[in-house]
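Subject: Handing over the structure

Hello,

I am passing on the structure that we talked about, and I would like you to keep it open while you read. My notes follow below.

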Amino acid sequence: MDNPQLLDNHGRELTYLRLAVTDRCNLRCTYCMPAEGINYMPERELLSWEEMFRLTRILHEMGIKKVRITGGEPFVRNGLLDFLTNLAGLKDLEICLTTNGVFIGEYIDALKKLGVRHINLSLDSLDRDRFQQITRRDDFAKVYENLLRLIDAGFQIKINAVVMQGKNEDDIIALTEFAREHPVSVRFIEEMPFNGSGLVEEKLFWDHARILERIRSQFPDLKARPFLFGETANTYDIPGFKGNVGIIAAFTRTFCGSCNRIRLTAKGQVKTCLYDDGVFDLKPYLRSGVSDEEVKAQFLTLFKSRPLDGFEAENKRKGVITESMTTIGG
């Protein structure tokens, strides 16, 4: 088999791999998992670094242009830098990273040398007390210091903030103001049911429209950028700001029509949509001795029956959503 281009059954080109390298995390964010945490998989039950590299290489040959390394928190798994070094050897592959910012400080120079330039940093509050209430950890000072260091080092930073009723509404304006003096993209995300128990509220209060209304109340001159294929955020510029703001309708799911993503969980589950419950277990398949050509054929087959959107994917699940985002790949 040559290197076929990955297309789904709706004609959408797949060019973006979101690869979770661990299900472990050092924080306990309320929208991601219970206070006591979850039952993590033993490392032997996760895909090995070699298996993840092989899958990334195969998908790169099929048209994947960008890989985002996520978790859990990627830096809690030993061997991440060696893995990133191997990925950097794949020609013209853009390597991005999502992190909570606690451990990244010691790796900033190494990441620059590897050519990693795009960092998504999860930060739901600029207030230390609210940060601690949301994450159940007192790590705000370290995260904030590392954020400023990343900005000073020239990384392209997106700050991801999940907006939650009664917890961090006041940070919508505070985080927007952060983009005034810093060249970052602050993205406000609708809360999703991947917290280990599902959504508590039947109707989402802070949806994308309400978030935009709050921002516009303080910054009426904000101007929408064109929405490009493959993007998830509706992005806005504000006059006089070094950065910009965006809103991701992750629960409302308004952007599914241009989805170009493949998700692989740390234990080897293929997800053709964030809201499905896994469509194929790659780990035993890889370990059965299949060839690269067979793996490519399997991916082509899986994406021939991809749901049109997140609502169809959720309806096809075998049960209600109860998993934690850290087991999926944030």
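How many helices and strands does the secondary structure of the protein come to? The count is 11 helices and 12 strands, where helices (H or I, at least four residues) and strands (E, at least two) are DSSP runs numbered from the N terminus.

Before going further, please keep in mind that this is a predicted model, in which local features need pLDDT of at least 70 and side-chain atom pairs count only at pLDDT 80 or more, while totals for chains, interfaces and linings use all residues. Residues are numbered from 1 along each chain as its sequence is written, and side-chain values use heavy atoms, with hydrogens and water left out.

I begin with the protein as a whole. The C-alpha trace spans about 55 × 45 × 40 Å along its principal axes. For 330 residues, a compact globule would have a radius of gyration near 20 Å, and the 19 Å of the protein agrees with that; this radius is taken over C-alpha atoms, and the globule rule is 2.2 Å times the number of residues to the power 0.38. Of the 330 residues, 55% are buried, where buried means under 20% relative accessible area, exposed over 50%, and partly exposed in between (1.4 Å probe, protein chains only). Among contacts (heavy atoms within 4.5 Å) between residues at least 6 apart in sequence, 74% join residues at least 24 apart.

Next come two helix pairs. Two packed helices are described by the angle between their axes and the distance between the axes. Here axes are lines fitted to C-alpha atoms, for helices over the stretch in contact, and angles run from 0 to 180 degrees between N-to-C directions.

Helix 1 (residues 49-61) packs with helix 2 (residues 80-87) at an angle of about 25°, their axes being 11 Å apart, and the two are therefore roughly parallel to each other; angles under 35 degrees count as roughly parallel, over 145 as roughly antiparallel, 65 to 115 as roughly perpendicular and the rest as oblique. On the helix 1 side, Trp49, Met52, Phe53 and Thr56 meet Leu80, Phe83, Asn86 and Leu87 of helix 2. By class, this contact has six nonpolar, two polar and no charged residues, with Ala, Val, Leu, Ile, Met, Phe, Trp, Tyr, Cys and Pro counted as nonpolar, Asp, Glu, Lys and Arg as charged, and the others, Gly among them, as polar.

The axes of helix 6 (residues 171-181) and helix 7 (residues 208-218) come within 10 Å and cross at roughly 60°, which makes helix 6 oblique to helix 7. Ile172, Ile173 and Thr176 in helix 6 meet Arg214, Ile215 and Gln218 in helix 7, and by class this contact has three nonpolar, two polar and one charged residues.

In helix 9 (residues 292-302), the buried residues include Val295, Phe299 and Leu302, and what covers the buried residues of this helix includes helix 1, strand 10 and helix 8 (282-287).

Finally, some details of the backbone. Most residues other than glycine have a negative phi, and most peptide bonds are trans. A cis peptide bond, however, joins Gly71 and Gly72, with omega about 20°. Asp92, although not a glycine, has a positive phi of about 60°, and Asp92 is exposed, with a relative accessible area of 66%. Arg253, also not a glycine, has a positive phi of about 65°, but Arg253 counts as buried at 8% relative accessibility.

Best wishes
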